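This briefing is intended to be read alongside the sequence and the three-dimensional structure. Please keep both in view while working through the points below.

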Amino acid sequence: MKNSRTVLLLIAALCFVMLGTAMYLQHVMNMAPCPLCVIQRYLFIAIAIGCLIGAASKTPAIGAGIGLLAALGGLGVAGKHLYVLAHPGFSCGIDPVETALNKIFTAQYMPFMFESYGACENAGEPFIGLSIPQWAFVWFAIFAIGLLWTLLRRKK
């Protein structure tokens, strides 16, 4: 891909695909989102917004930087989710994080997207060999690499 805007728009579009997949899993497959899932949704939105800001501005590096920070945060949250799955008995379940997340205005006005009511250890059946948190980790990594490449590549 020749220009940064194309990369930023592609990453933003893929973030919206991730959010659409989350909605499908929640509302069609009846998988309740846990607090870590909801935080990952916020981070996918932050990546998309950063990328859209970068694509719309004369300095794409600002948006790419915002997106990169969100992608790195996503790696951390998805990593914690993987830790929870790898250590049965360690759960994020109903805890202060869930209570706090459900009081944020976005959860109040858009509970279909941002309300947390699931347990972190219920990650569903693997898809093509990976669990949902593993897929999220992979996508956060791909976005981080793409955004880092966008920031570091030489301008022609």
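Asn 30 counts as exposed because its relative accessibility is 63%, above the 50% cut-off. The model described here is predicted.

- Although Asn 30 is not a glycine, its phi is positive, at about 55 degrees.

**Geometry of the helix pair**
- Helix H1 spans residues 4–27 and helix H2 spans residues 35–56.
- The two helix axes come within 8 Å and cross at roughly 155 degrees.
- H1 and H2 are therefore roughly antiparallel to each other, since the angle is over 145 degrees.
- The crossing of H1 and H2 is left-handed.

**Residues in the contact**
- From H1, the contact is made by Arg 5, Leu 8, Leu 9, Ile 11, Ala 12, Cys 15, Phe 16, Met 18, Leu 19, Ala 22, Met 23 and Gln 26.
- From H2, the contributors are Arg 41, Phe 44, Ile 45, Ile 47, Ala 48, Cys 51, Leu 52, Gly 54 and Ala 55.
- By class, the residues of this contact comprise 17 nonpolar, two polar and two charged.

**Arg 41**
- Arg 41 lies in helix H2 and is among the residues that make the contact with H1.
- Arg 41 counts as buried because its relative accessible area is 6%, under the 20% cut-off.
- A polar contact of 2.8 Å joins the side chain of Arg 41 to the side chain of Gln 26; Gln 26 is one of the H1 residues in the helix contact.

Note on methods. Residues numbered from 1 in each chain as written. Predicted model: local features only at pLDDT ≥ 70, side-chain atom pairs only at ≥ 80, totals over all residues. Heavy atoms only, no water. Axes fitted to C-alpha atoms, helices over the stretch in contact; angles between N-to-C directions. Helix = DSSP H or I, 4+ residues; strand = E, 2+ residues; numbered from the N terminus. Parallel < 35°, antiparallel > 145°, perpendicular 65-115°, else oblique. Left-handed = near helix turned anticlockwise from the far one by under 90°. Contact = heavy atoms within 4.5 Å. Nonpolar A, V, L, I, M, F, W, Y, C, P; charged D, E, K, R; others polar. Buried < 20%, exposed > 50% of the residue type's maximum accessible area, 1.4 Å probe, protein only. Polar contact = N/O pair within 3.5 Å; in protein donor to acceptor, adjacent residues only side chain to side chain.
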